[in-house]
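Good morning, and thank you for joining this meeting. Please take a moment to look at the structure before I discuss it.

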2 protein chains.
Amino acid sequence: MTERMITSRRRFLAAALMSFLVVAPPAELLAQGIDPLPSWNEGPAKQSIRAFIEGVVQEGSPNFIPVDERIAVFDNDGTLWSEQPVYFQFAFALDRLQDLAKANPALAGQEPYKSALSGDPKALAALGEKGLLQIIGLTHAGLTVAEFNAEVGDWLKTARHPRFDRPYTDLVFQPMLELLATLRASGFKTYIVSGGGVEFMSAFTEAVYGIPPEQVVGSSGKTEFVLDGDTPVLRKLPEVEFIDDGPGKPVGINRFIGRRPVFAAGNSDGDQQMLQWTTMNNGARFGLIVHHTDAVREWAYDRDSKVGRLDKALDEASRRGWLVVDMKNDWKVVYPFEKKQ
Amino acid sequence: MTERMITSRRRFLAAALMSFLVVAPPAELLAQGIDPLPSWNEGPAKQSIRAFIEGVVQEGSPNFIPVDERIAVFDNDGTLWSEQPVYFQFAFALDRLQDLAKANPALAGQEPYKSALSGDPKALAALGEKGLLQIIGLTHAGLTVAEFNAEVGDWLKTARHPRFDRPYTDLVFQPMLELLATLRASGFKTYIVSGGGVEFMSAFTEAVYGIPPEQVVGSSGKTEFVLDGDTPVLRKLPEVEFIDDGPGKPVGINRFIGRRPVFAAGNSDGDQQMLQWTTMNNGARFGLIVHHTDAVREWAYDRDSKVGRLDKALDEASRRGWLVVDMKNDWKVVYPFEKKQ
């Protein structure tokens with residue numbers, strides 16, 4: 001055996017070990033006494049997720065799904081991280097609006113910026129969709145994509161959530177991180193399909209969720225390509241291009257992923273059509289709704305909420321067999337930092 | 001050692017073998033005397049591709065690129081398969097127009113359908129972009145996405161290219177298949193970024209190029225999500241949503257992939273901005289243009305061609321260091337079927 005062959009054998013074994021770690025399915029972890037979902041309380045919710053995954057990976061099972069088709073889609077706001085008192089991307093927009101108003105004081109006298117800058121919750125709530133889109137348009141445009149990514153990166157490092165006094169990315173749901181990891185370990189490709197902006201999310205999804213930019217589907221503004229001397233740039237324009245919400249979610253899934261998912265998780269009526277598109281199909285399918293029922297550890301809201309309203313989708317859940325996760329009772333831990341305290 | 005542990009070991013070794021086959025880089029193949037690009041003639045073109053890949057995968061090399069960033073984008077028409085005498089998707093549209101005209105004879109009297117149905121090359125050439133889009137609109141809309149996929153699948157099985165009397169998917173470029181496979185074996189994620197319709201391409205890219213639907217970026221029409229009783233469907237509308245061509249290619253890359261590529265291959269002025277966006281950046285980057293110079297085995301055309309016009313991008317190539325592949329001299333084999341004859 002030559003030196004080269006030995007090196008090649010070593011690489012082979014290293015690659016083998018990696019691939020084993022990556023694809024070890026939950027059934028094998030369970031056999032070793034390792035629970036891949038430790039932050040989920042034992043009960044029907046955890047049981048049904050486990051049963052679904054075990055069927056999907058089991059060759060010969062009626063619920064078996066080939067690896068190529070194991071596409072799982074997750075809403076982001078309210079499903080993978082919190083969304084109160086305002087969508088975190090809107091908190092970013094408000095902070096950026098304040099910076100812009102410092103540079104250009106006239107903004108503070110113009111609506112809807114005046115109301116937004118007042119910080120008054122009632123004034124914010126009264127902005128309406130048009131006002132929100134104007135604020136997003138102003139605060140998200142006029143930059144190149146690279147500059148915008150840097151702005152988001154800086155904000156995520158410095159901004160603190162008003163209730164928890166922690167970085168916004170601390171407010172991700174530990175049980176959902178475990179679910180993402182378990183699905184990936186079982187051969188699923190995990191995607192975000194969110195009403196949030198695709199460039200805003202791509203700044204943190206890989207580090208926080210293990211989901212790379214190419215697996216993030218979201219709303220987008222128009223961009224234009226220009227050569228600035230010998231530097232090619234993509235410039236963000238203040239015009240909406242695509243809203244990835246409600247019936248836009250199956251449309252976005254079709255355009256970006258080109259396959260119909262077999263697993264979908266959401267938390268609001270904006271996820272209803274994605275849940276329909278995923279689950280109303282032949283074969284093993286799974287729909288999951290995160291129900292915010294925990295006013296102590298997180299928030300409790302559904303039908304009357306301005307943010308993350310869950311009404312029609314909740315009514316439809318039992319009819320379609322979607323799992324409604326009761327955050328208060330089904331989750332042992334909500335945020336990763338609880339474990340460390 | 002228990003029975004279960006032995007089974008687990010066996011699975012481990014099977015997974016190991018798979019992962020080794022998948023990631024064996026070209027340098028290791030070369031060391032074993034296996035040429036990963038056998039359909040490329042020896043010479044500067046092949047040499048520069050090989051040198052680029054070897055630098056990218058070599059840790060410690062100034063040209064090393066981490067696996068996550070190894071994004072390679074390929075135009076489709078004229079780059080991965082032929083595009084003469086008309087784009088193959090347009091041949092599909094013309095065949096479908098004939099079917100529609102049989103069902104609805106009035107179409108044959110209306111322009112631009114009348115000219116298109118005449119089969120006269122001059123009339124076809126005179127249709128202009130507006131006429132082409134009208135024909136694409138009529139022939140690609142009114143179906144659900146699933147019905148459209150089935151139509152394309154049937155057409156690819158039955159239609160024959162007029163010059164070669166073979167299925168259109170036979171006219172893929174063997175050297176480019178080898179390049180795709182070599183890049184993937186070297187840790188690259190390969191994408192199609194084409195002016196063609198994303199749903200048209202997704203019907204065959206996985207089987208033909210090994211590129212799954214989620215790695216196909218293309219032009220798209222509007223679709224709408226509707227619940228047809230208890231059946232959710234996506235219905236194709238006769239409206240253009242996004243043209244993934246020229247400056248639209250970097251825009252599409254940003255929206256769909258969210259990362260800047262390090263390798264780009266094209267063949268026409270429609271690929272110029274994608275080549276700029278990819279190569280005018282720090283670090284090892286590679287731009288490749290397929291120059292159609294072989295009138296005997298394929299076609300010879302560039303600056304004056306109606307289809308796949310290559311003019312400004314050809315002028316820019318030497319200034320930017322893009323590799324211009326001379327199909328006649330650099331390719332030993334053009335189509336896979338030549339090898340088998």
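Let me begin with a question: is B:Asp315 buried, partly exposed or exposed? With a relative accessible area of 47%, B:Asp315 is partly exposed, because the exposed class begins only over 50%. Please keep in mind that this is a predicted model.

The side chain of B:Asp315 meets that of B:Arg303 in a salt bridge, at 3.1 Å from N to O. B:Asp315 belongs to helix H14 of chain B, while B:Arg303 sits in the loop between strand S6 (286–291) and H14, so the pair ties together parts that are 12 residues apart in sequence. B:Arg303 is also partly exposed, at 30% relative accessible area.

Over all chains, a search of the whole structure finds 42 salt bridges. One of them crosses between chains: B:Arg320, in helix H14 (residues 312–320) of chain B, pairs with A:Asp230, in the loop between strand S3 (216–228) and S4 of chain A. Their side chains meet at 3.3 Å, N to O. A:Asp230 is exposed, with a relative accessible area of 53%. Within chain A, a network of salt bridges links A:Asp35, A:Glu42, A:Lys46 and A:Arg50.

I turn now to helix H3 of chain B, which covers residues 44–57. Its 14 residues reach 20 Å from the first C-alpha to the last, close to the 20 Å expected. Among its buried residues are B:Ala45, B:Ile49, B:Arg50 and B:Phe52. The side chain of B:Arg50 forms a salt bridge with that of B:Glu42, at 3.8 Å from N to O, and B:Glu42 is exposed, with a relative accessible area of 56%.

What lies in the interior? In soluble globular proteins, nonpolar side chains tend to be buried together. Here, the largest nonpolar core has 55 residues, and B:Phe74, B:Met176, B:Leu179, B:Phe263 and B:Leu288 touch the most other members. H3(B) gives the most to this core, with 5 residues. Domain 1 (24–84 + 169–336) and domain 2 (88–158) of chain B both contribute residues, so the core lies between them.

Helix H9 of chain B (residues 174–185) is mostly covered, for 9 of its 12 residues are buried; B:Met176 and B:Leu179 are among them. Just after H9(B), B:Gly187 takes a positive phi of about 90°.

Finally, consider the surface of chain A. A:Leu133, A:Val240 and A:Ile243 form a nonpolar patch there, with about 230 Å² of accessible area together. A:Ile243 counts as partly exposed, at 42% relative accessibility. Thank you for your attention.

Conventions. Residues numbered from 1 in each chain as written. Chains lettered and ligands numbered in written order. Predicted model: local features only at pLDDT ≥ 70, side-chain atom pairs only at ≥ 80, totals over all residues. Heavy atoms only, no water. Helix = DSSP H or I, 4+ residues; strand = E, 2+ residues; numbered from the N terminus. Expected span 1.5 Å × (residues − 1). Buried < 20%, exposed > 50% of the residue type's maximum accessible area, 1.4 Å probe, protein only. Patch = residues over 30% accessible without salt bridge, like charges linked within 9 Å, V, L, I, M, F, W, Y side chains within 5 Å. Areas by Shrake-Rupley, 256 points an atom, 1.4 Å probe, with all protein chains shown as cover. Salt bridge = Lys/Arg side-chain N within 4 Å of Asp/Glu carboxyl O. Core = buried A, V, L, I, M, F, W, Y, C linked by side-chain atoms within 4.5 Å. Domains from an automatic or database assignment.
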